[in-house]
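User: Could we go through this model together? I would like to discuss its contacts and its surface.

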Amino acid sequence: MTTADLIGKILQLVGGVAIFAAVVGLILFFIDKAPKRGRDVLQLIAFLAPAIILLGIGLVYPAIRTGIAAFADKSGQFIGLDNFVWMFTQPEALITLRNTIIWVILVPTISTVIGLAYANFIDRSRGEKIYKSLIFMPFAISFVGAGIIWKFVYEYRPEGRDQIGLLNQIMVWLGQEPVLWLQTAPMNTILLIIVMIWVQTGFAVVVLSASIKGIPAEQLEAAELDGTNGWQRFTNVVLPGIRGALVVVVTTISIATLKVFDIVRTMTGGNFETSVVANEMYTQAFRALEPGRGSALALILFVLVLPIVVYNVRVLRKQKEIR
């Protein structure tokens, strides 16, 4: 870049800042001169307008375009429900939907159960902070990083070569042959689900542990004085007291699971019958150059997420009314 080009870029930047400052100054000037009621309205508009504009550009407009593209082919011609028919008739697409359902059933359930058990056992125990940190660390790792770590765990080398994968090394120690873990269906889907559970359990532990600490100690002491055992106190006092947190945890993990893409893409690329809706959406739109099918999958993903969100809102609203 020459000196003249650099000076030109600087002048463009200064000009843009000056125009922005002038527009903001004019808005503030008119707000100040307006009557009080009108001033309040203008202030509200001034604060909300940038967010509304950004939401419209980044969320509403793409959602409308996606909805339109779902009923068109790659050339943009309207084809009705053909993309959805493809999704529910082709074996590959049906495997994708089946895998997504398995993910959504297993990941939130197992992550929440393990997280709840862990949070309850370490509550007020010695070394609680260390235990929480250890279980939370995977949640701080990106899905891509987690996928790479576990890909090494499942790594395969032909028999007779040194195994760098932990599972196959254990198989060799047991006198068995190495296994192509990530290429053997449907076991490979379960192995990918384990990675997601490993990541999400830390989130469940932190939220549920904080909720358990919020239960009044008097309730637990009263239950103990009534002669209840540990399991009875857990089911009759702890679980009802953290119901709201349980709903939040299950909902959050369910939505994250429906959107899972990185783990599948990193570890198998969606091959060997491991693809899920989010991965297939990317594959169809950007690899197979079928944006209509990708958009149809995106709409299905939205339909799957919507009931979870609605249920979460209804439960939280009921709890707010009770309080």
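User: What should I know about the source before we start?

Analyst: This is a predicted model, in which local features need pLDDT of at least 70 and side-chain atom pairs count only at pLDDT 80 or more, while totals for chains, interfaces and linings use all residues. Residues are numbered from 1 along each chain as its sequence is written, and side-chain values use heavy atoms, with hydrogens and water left out.

User: How many salt bridges are there?

Analyst: The count comes to 2 salt bridges, a salt bridge being a side-chain nitrogen of Lys or Arg within 4 Å of a carboxyl oxygen of Asp or Glu. Glu290 pairs with Lys74, with the closest N and O atoms 3.5 Å apart. This pair links distant parts of the chain, 216 residues apart: Glu290 is in the loop between α13 (277–287) and α14 (291–322), and Lys74 is in the loop between α2 and α3. Helices are DSSP runs (H or I, at least four residues), numbered from the N terminus. Glu155 and Arg157 also form a salt bridge, at 2.7 Å from N to O.

User: Glu290 and Lys74: buried or exposed?

Analyst: Glu290 counts as buried because its relative accessibility is 17%, whereas Lys74 is exposed at 52%. Buried means under 20% relative accessible area, exposed over 50%, and partly exposed in between (1.4 Å probe, protein chains only).

User: Switching topic, at what angle do α3 and α4 pack?

Analyst: Helix α3 (residues 82–89) and helix α4 (residues 91–122) pack at about 75 degrees, with their axes 5 Å apart. That makes α3 roughly perpendicular to α4, a term that covers angles of 65 to 115 degrees. Axes are lines fitted to C-alpha atoms over the stretch in contact, and angles run from 0 to 180 degrees between N-to-C directions.

User: Which residues meet there?

Analyst: Trp86, Met87, Phe88 and Thr89 in α3 meet Pro91, Ala93, Leu94 and Leu97 in α4; contact means heavy atoms within 4.5 Å.

User: And what does Leu258 touch?

Analyst: Leu258 lies in helix α11 (residues 243–258) and is buried, with a relative accessible area of 4%. Beyond its neighbours within four places in sequence, Leu258 contacts several residues, including Thr100, Val104, Ala278 and Leu301. Leu258 and Val104 are 154 residues apart in sequence, yet 6.4 Å apart in space, C-alpha to C-alpha.

User: Finally, where does Leu59 lie?

Analyst: Leu59 lies in helix α2 (residues 36–69) and is exposed, with a relative accessible area of 53%.

Methods: Helix = DSSP H or I, 4+ residues; strand = E, 2+ residues; numbered from the N terminus. Parallel < 35°, antiparallel > 145°, perpendicular 65-115°, else oblique.
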